Amino acid sequence: MTATTTRASGALRPAPAPAPAAPRRRRLPFSGWHLLLAPLALLFALPLVWLVLSSVMSNAEINRFPPALWPSGIHLDGYRYVLGNGMFPRWFANSLIVSATAVASNLVLGSLGGYAFARMRFAGSRVLLVLMLATMAIPFQLTMIPTFLVMKRLGLIDTLGALIVPSLVTPFAVFLLRQFFLSLPRELEEAAWIDGCSRLRVLFRIVLPLSRPALSTVAVLTFLSTWNDLTWPLIAINHDTQYTLQLGLTTFQGQHHTQWAAVMAGNVITVLPVLLAFLGAQKSFIRSITSSGLKG
């Protein structure tokens, strides 16, 4: 017998014919979400693109109405004007010192505080954690006068110390690192304790190397908030040699209000370190946010 048959109820019956293959669907080489996210990304990038284009325009093109959408040529007079200003490198260095110190102190002190809240149980730990998180809901306008008075008593007004001390550790850094530490398995730490490691050694040798995504997130967010801060330097700093870059650009814009090309060039130089810092830690930032919210 040539046809394929099956035995059912004592009789030979022909096997059912195979079902026709379903037509293959054409798939896009990218996710369908890209069709929505790409236009949104371009929309959010327009201010940055306009800033860069304006920095290479001439003052006449910037002041033209209706404004020019594309420069007629590359004019670097704004950059020469900014970089030729003797105070601009000093302002840049001040911002870098304040931001780097704030980042380093938040990584160290935030790690110590976050590990204590995540792994150590002591009297009032829950209450202290709630009180610390409650301070995040207090607007800065309510605390700037007490902070100013404390800095004045310490003799730090009109110095970079007045900008560094209030930013040495933030509740957000402690909370984010605590959440990430809770997601790490305790077995690794317990094995180290059995081998005779102290808590500090466990933290610096085992926990922190596994917490690089959270540490990079704290570093980037602390750098962004400190680098872009304008309100507190405006209150605490009086002498132009202690200005940060944001405060210096505000004064620069007020003194040279007609030099819009220079103002745009100065803003491009200010934005560039922030943009590079975020792009460099983008993957770690997303990884930390997704993992730190797993446990409460």
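Here are some notes on the predicted model above, point by point.

1. Ground rules. This is a predicted model, where local features need pLDDT of at least 70 and side-chain atom pairs count only at pLDDT 80 or more, while totals for chains, interfaces and linings use all residues. Numbering runs from 1 along each chain as its sequence is written, and side-chain values use heavy atoms, with hydrogens and water left out.

2. Overall make-up. The protein has 15 helices and 2 strands (DSSP runs numbered from the N terminus: H or I of at least four residues for helices, E of at least two for strands). Of its 296 residues, 32% are buried (buried is under 20% relative accessible area, exposed is over 50%, partly exposed is in between, with a 1.4 Å probe and protein chains only). The accessible surface comes to about 18600 Å², and carbon and sulfur atoms hold 67% of that (Shrake-Rupley method, 1.4 Å probe; for residues, only the protein chains shown count as cover).

3. Contacts. Taking contacts with a separation of 6 or more, 72% are between residues 24 or more positions apart (contact means heavy atoms within 4.5 Å).

4. The main core. The largest nonpolar core has 29 residues, and Tyr79, Val82, Phe88, Leu163 and Leu245 have the most contacts inside it (such a core is a set of buried Ala, Val, Leu, Ile, Met, Phe, Trp, Tyr and Cys residues joined through side-chain atoms within 4.5 Å). Helices α3 (77-83), α4 (88-119), α7 (161-164), α11 (212-227), α12, α13 and α14 (260-280) each supply at least two of its residues. The biggest giver is α14, with 6 residues. Beyond its neighbours within four places in sequence, Tyr79 touches Ser55, Val56, Ala265, Val268 and Ile269. There is also a second, separate core of 17 residues, with Leu176, Ala192, Val207 and Leu215 among them.

5. Thr244. Have a look at the loop between α12 (231-236) and α13 (245-255), which holds Thr244. Thr244 counts as buried because its relative accessibility is 6%. Setting aside neighbours within four places in sequence, Thr244 is in contact with Trp91, Asn94, Ser95, Leu163, Asp229 and Pro233. One of these, Leu163, is also among the residues with the most contacts inside the largest core.

6. Asp158. This one deserves a check: Asp158 has a positive phi of about 70° although it is not a glycine. Asp158 sits in the loop between α6 (140-153) and α7, and counts as partly exposed because its relative accessibility is 25%.

7. The largest pocket. Its volume is about 890 Å³. Of its 27 lining residues, Phe140, Pro166, Ser167, Thr170 and Pro171 are the closest to the centre. Two or more lining residues come from each of α4, α6, α8 (171-182), α11 and α12, and α11 has the largest share, 4 residues. The lining divides into 15 nonpolar, 11 polar and 1 charged (nonpolar: Ala, Val, Leu, Ile, Met, Phe, Trp, Tyr, Cys and Pro; charged: Asp, Glu, Lys and Arg; polar: the others, Gly among them).

8. Pocket and cavity terms. On a 1 Å grid over the protein atoms alone, a cavity is a set of points where a 1.4 Å probe fits but cannot get out, whereas a pocket is an open set with protein on both sides within 12 Å along at least five of seven lines; lining residues have an atom within 4 Å of a point. Points are joined across faces, edges and corners, and a volume is the space filled by probe spheres set on them.

9. The cavity. The whole structure has 1 cavity of 30 Å³ or more, and the largest cavity holds about 40 Å³ of space. Its lining consists of Phe117, Met120, Arg121, Ser125, Arg126, Leu129 and Arg178, and helix α5 (residues 125-134) gives the most, 3 residues. This lining divides into 3 nonpolar, 1 polar and 3 charged.
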